[in-house]
Amino acid sequence: MHITAEKIKEAAEALESTELKSFMFQEPTAGPLTRRRRSSRSTGRSRRSTRGTRRSTRRSTRGTRRSTRRSTRGTRRSTRRSTRGTRRSTRRSTRRSTRGTRRSTRGTRRSTRGTRRSTRGTRRSTRGTRRSTRRSRRSTRRSRRSTRRSRRSTRRSTRRSRRSTRRSRRSRRSTRRSRRSTRRS
């Protein structure tokens, strides 16, 4: 198969008709497909500037990522420590409380066995004491009611005295005004 000038022309025309031509002349920075290369000098400068901006943006993003990672790690560690401390303290307190309750329940069981026998005899006496406590409660309630009523009556009397003093002040003012008007006339 011989390559001739006619075949080269046909291949170039076929390339122009397709999207390969725009792809061939595309810049390495992914821009629009239809843009062609300008002079090599201007493209070299623009490439350098774009590379510098890319590097600076990469550095800034890396720094921000590192700082955010450090801050999140610090907060996670502090929260873990605080949660561990609280868990340990709660475990200790629960253990102590459970031990204390176990000891107390054992002692109470032993004491209840002995007290059951004595409670049978004391129940009769407690009935009488209950009645007396009920009577004392009733009397205290009545005394409270009487004190409330006395407080209400004192409040009412103070209110009435205030009203009377206000009325007397108003009457004094009116009399003073009437005297002044009579003097002027």
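These are my notes on what I looked up in this structure.

Entry one. I noted at the start that the model is predicted. I then checked the secondary structure and found three helices and zero strands in the chain. Read from the N terminus, the order of elements is α-α-α.

Entry two. I looked up how much of the chain is covered. The chain has 185 residues, and 1% of them count as buried.

I turned to helix α1, which takes in residues 5-17. From first C-alpha to last, the 13 residues of α1 reach 19 Å, close to the 18 Å expected at 1.5 Å a residue.

Entry four. I looked for charge on the surface. Glu6, Glu10, Glu13 and Glu16 form a negative patch there. An α-helix has 3.6 residues a turn, so residues three or four places apart point the same way.

Is Glu10 buried or exposed? I found Glu10, a residue of α1, at a relative accessible area of 53%. Exposed means over 50%, so Glu10 is exposed.

Technical notes:
Residues are numbered from 1 along each chain as its sequence is written. This is a predicted model: local features need pLDDT of at least 70, side-chain atom pairs count only at pLDDT 80 or more; totals for chains, interfaces and linings use all residues. Side-chain values use heavy atoms; hydrogens and water are left out. Helices (H or I, at least four residues) and strands (E, at least two) are DSSP runs, numbered from the N terminus. Buried means under 20% relative accessible area, exposed over 50%, partly exposed in between (1.4 Å probe, protein chains only). Patches are made of residues with over 30% relative accessible area and no salt bridge: like charges are joined within 9 Å, nonpolar side chains (Val, Leu, Ile, Met, Phe, Trp, Tyr) within 5 Å. Accessible areas come from the Shrake-Rupley method with a 1.4 Å probe; for residues, only the protein chains shown count as cover. A salt bridge is a side-chain nitrogen of Lys or Arg within 4 Å of a carboxyl oxygen of Asp or Glu. Lys and Arg count as positive and Asp and Glu as negative; His and the chain ends are not counted. The place of a charge is taken as NZ of Lys, CZ of Arg, CG of Asp or CD of Glu. The expected span of a helix is 1.5 Å times one less than its number of residues.
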